[in-house]
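Hi,

Here is the structure for your set-up work. Please open it alongside this message; notes on what turned up follow below.

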Amino acid sequence: MLTITDKAVSVLSSLCAEQAASLRISVNAGSCSGIQYDMSLEDEPADNDEVLTFGSLKVLVDPPSTMWLTGVKVDYVDDGNGAGFKFENPAQAKKCACTGKCG
């Protein structure tokens, strides 16, 4: 289903431990490439959430997002342009061609 690199797990685990929370990853329509990945912290999973475990990191995924996260890899990138999380989806046909100004 979903893959999270060791580097991303390390950063996310630290963030979640500070808040005593789990990470929710969801997929929504909205960007110019068709889908948008969202991450948030939550105290408890919903009744129908899938709970994935990556070391000490618990990731919550709602049923509608599950199919969109199949094959997706989450990485943490810290390069000369800044740091942040990168979602790589090999099944995504269209990539955003704008300059980051779309919402």
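Ser65 sits in helix H2, which spans residues 63-66. This is a predicted model. Ser65 has 1% relative accessibility, so it counts as buried, the cut-off being under 20%. A polar atom of the Ser65 side chain lies 3.0 Å from the backbone nitrogen of Val27. Setting aside neighbours within four places in sequence, Ser65 is in contact with Ile25, Ser26 and Val27.

Next, the charged pairs. How many salt bridges does a search of the whole structure find? The count is four. One of them joins the side chains of Glu42 and Arg24, at 2.7 Å from N to O. That pair links distant parts of the chain. Glu42 belongs to strand E3 (residues 35-42), Arg24 to strand E2 (residues 22-29), and 18 residues separate them.

Arg24 also forms a salt bridge with Asp49. Here the closest N and O atoms are 2.4 Å apart. Asp49 lies in the loop between E3 and strand E4 (50-54), while Arg24 is in strand E2, so this pair ties together parts that are 25 residues apart in sequence. Taken as a group, Arg24, Glu42 and Asp49 are linked in a network of salt bridges.

Glu42, at 27%, counts as partly exposed.

Another salt bridge runs between Glu88 and Lys73, with the closest N and O atoms 3.8 Å apart. Glu88 is in strand E7 and Lys73 in strand E6, so the pair ties together parts that are 15 residues apart in sequence. Glu88 is partly exposed, with a relative accessible area of 28%. Lys73 counts as partly exposed as well, at 30% relative accessibility.

E6 (residues 73-79) and E7 (residues 82-88) run antiparallel over seven bridges. Val77 stands opposite Gly84 in E7. A hairpin of two residues joins E6 to E7.

E6 has a further partner, strand E1 (residues 3-4). E1 and E6 pair in the parallel sense over two bridges. Lys73, the salt-bridge partner of Glu88, is also the bridge partner of Thr3.

Best wishes

How values were computed: Residues numbered from 1 in each chain as written. Predicted model: local features only at pLDDT ≥ 70, side-chain atom pairs only at ≥ 80, totals over all residues. Heavy atoms only, no water. Pairing = 2+ DSSP bridges. Helix = DSSP H or I, 4+ residues; strand = E, 2+ residues; numbered from the N terminus. Buried < 20%, exposed > 50% of the residue type's maximum accessible area, 1.4 Å probe, protein only. Polar contact = N/O pair within 3.5 Å; in protein donor to acceptor, adjacent residues only side chain to side chain. Contact = heavy atoms within 4.5 Å.
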